[in-house]
Amino acid sequence: MATTATSPSISFFSSSIFGNSSRQKPNFLSTFKPNSFLKPLSVRSDLIAIPILSFSGEKVGETQLNLKSAPLDTARAVVHRGIITDLQNRRRGTASTLTRGEVRGGGKKPFPQKKTGRARRGSQRTPLRPGGGVAFGPKPRDWSIKINRKEKRLAISTAMSSAAVNTIVVEDFSDKFDKPKTKEFISAMKRWGIDPKEKSMFLMTEVSDNVRLSSRNIGTLKMLTPRTLNLFDILNSDKLVLTQETVDYLNRMYAVEAIGEEADDEEEYEDGDEGLEAADENSDVTE
């Protein structure tokens with residue numbers, strides 16, 4: 001569905017950089033060491049042509065998606081580090097158990113040390129007995145790890161570039177829904193060539209109330225905005241749907257020449273509320 005003008009795009013859907021072999025299932029959540037040494041990354045640019053579909057499903061033109069991406073030999077590591085950072089930073093770290101010193105009761109020695117024929121026992125709060133403390137149990141901790149802003153942006157742009165083969169651009173359809181209607185939204189997805197049973201991600205700059213209410217009952221669909229754009233939903237989707245405004249935003253934020261003060265300021269604006277909105281929309285993923 002998409003063609004590459006300068007260099008072939010990489011796809012995580014078809015076992016390119018994210019799959020070890022054709023027989024093995026891609027596993028981007030394998031063991032990761034946050035303190036591992038990473039070499040300085042070079043960046044390349046991919047100019048990708050994506051078709052534009054009307055609300056009725058007809059092709060009305062093409063648009064260019066110009067994104068920076070990591071080289072093929074380091075793309076897997078960059079995206080892996082980004083997804084592990086996102087998932088680990090979602091962990092609340094509130095799991096807590098009681099040690100033998102925190103369990104109530106058990107201050108008296110249960111029975112004499114000798115002449116009973118039983119094993120010695122100094123307290124009822126020992127981890128060896130039911131109701132006792134927990135040995136080496138979890139305690140509240142901070143699971144968050146740090147990732148550089150440019151590295152996180154490179155991971156997102158690399159994942160978006162690899163997903164271009166399964167990406168379509170649809171004309172703005174916010175005014176097409178006069179009232180919330182899930183059946184009409186599913187019909188529109190079928191006209192665009194999207195199976196409602198497949199996982200799909202819609203990335204829009206602004207989501208109207210009727211569109212949001214029409215799509216919220218579709219369990220396989222994620223409706224995201226630039227503030228809530230994250231690596232997990234990109235990698236976990238079979239189809240990506242963009243609008244022309246979203247394409248302009250991606251070209252402005254994730255192109256090679258877009259690294260400047262304007263992009264940095266907009267990224268700071270996103271990071272401020274990203275955690276709150278992502279927690280509301282992805283509450284089922286939060287630990």
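**Ground rules**

I number residues from 1 along each chain as its sequence is written, and I leave hydrogens and water out, using heavy atoms for side-chain values. As this is a predicted model, local features need pLDDT of at least 70 and side-chain atom pairs count only at pLDDT 80 or more, while totals for chains, interfaces and linings use all residues.

**Entry 1: confidence**

I began with pLDDT, the predictor's confidence in each residue, from 0 to 100. The chain has a mean of 79, and 73% of its residues reach 70 or more. I then went through helices (DSSP runs of H or I, at least four residues) and strands (runs of E, at least two), numbered from the N terminus. Confidence is lowest in strand β1 (residues 3-4), at a mean of 46, and highest in β5, at 94. Residues 259-263 have pLDDT below 50, with 6 contacts in the model beyond near neighbours in sequence; a contact here is heavy atoms within 4.5 Å. Residues 282-287 are also below 50, and that stretch has 13 such contacts.

**Entry 2: the nonpolar cores**

Next I looked up the nonpolar cores, meaning sets of buried Ala, Val, Leu, Ile, Met, Phe, Trp, Tyr and Cys residues joined through side-chain atoms within 4.5 Å. For burial I used relative accessible area with a 1.4 Å probe and protein chains only: under 20% is buried, over 50% exposed, and in between partly exposed.

The largest core has 35 residues, and Met160, Leu229, Ile234, Leu250 and Tyr254 have the most contacts inside it. Among the elements that give it two or more residues are β2 (44-53), β3 (59-69), α2 (149-162) and α6 (244-254). Which element gives the largest share of this core? I found that α1 does, with 6 residues.

Setting aside residues up to four places away in sequence, Leu250 touches Leu65, Leu67, Met160, Leu203, Leu229, Leu242 and Ala255. There is also a second, separate core of 17 residues, including Phe173 and Trp192.

I paired rings of Phe, Tyr and Trp (its six-membered ring) when their centres lie within 6.5 Å, calling planes under 30 degrees apart stacked, over 60 edge-to-face and the rest tilted. The whole structure holds 9 aromatic pairs.

Phe173 and Phe185 are edge-to-face, because their planes stand at 65°, with the ring centres 6.2 Å apart. Phe173 is in the loop between β4 (167-170) and α3 (182-191) and Phe185 is in helix α3, so this pair ties together parts 12 residues apart in sequence. Both Phe173 and Phe185 are buried.

Phe173 also pairs with Trp192, this time tilted, at 5.2 Å centre to centre and 50° between the planes. Trp192 sits in the loop between α3 and β5, 19 residues from Phe173. Trp192 is buried, as is Phe173. Stepping back, I noted one aromatic cluster made of Phe55, Phe173, Phe177, Phe185, Trp192 and Phe202.

**Entry 3: charges over rings**

I checked for a charge over a ring, which needs NZ of Lys or CZ of Arg within 6 Å of the ring centre and within 35 degrees of the ring normal. The charged end of Arg118 sits over the ring of Phe111, 4.3 Å from its centre. Arg141 does likewise with Trp143, at 3.7 Å.

**Entry 4: salt bridges**

I counted a salt bridge where a side-chain nitrogen of Lys or Arg is within 4 Å of a carboxyl oxygen of Asp or Glu. The count is 4.

Arg81 bridges to Glu151, with the closest N and O atoms 2.9 Å apart. Arg81 is in helix α1 and Glu151 in helix α2, so the bridge ties together parts 70 residues apart in sequence.

Glu102 and Lys139 meet at 2.9 Å, N to O. Both lie in the loop between α1 and α2, 37 residues apart. Glu102 is partly exposed at 42%, and Lys139 is partly exposed at 34%.

Glu62 and Lys59 form another bridge, at 3.4 Å. Glu62 is partly exposed at 49%, whereas Lys59 is exposed at 54%.
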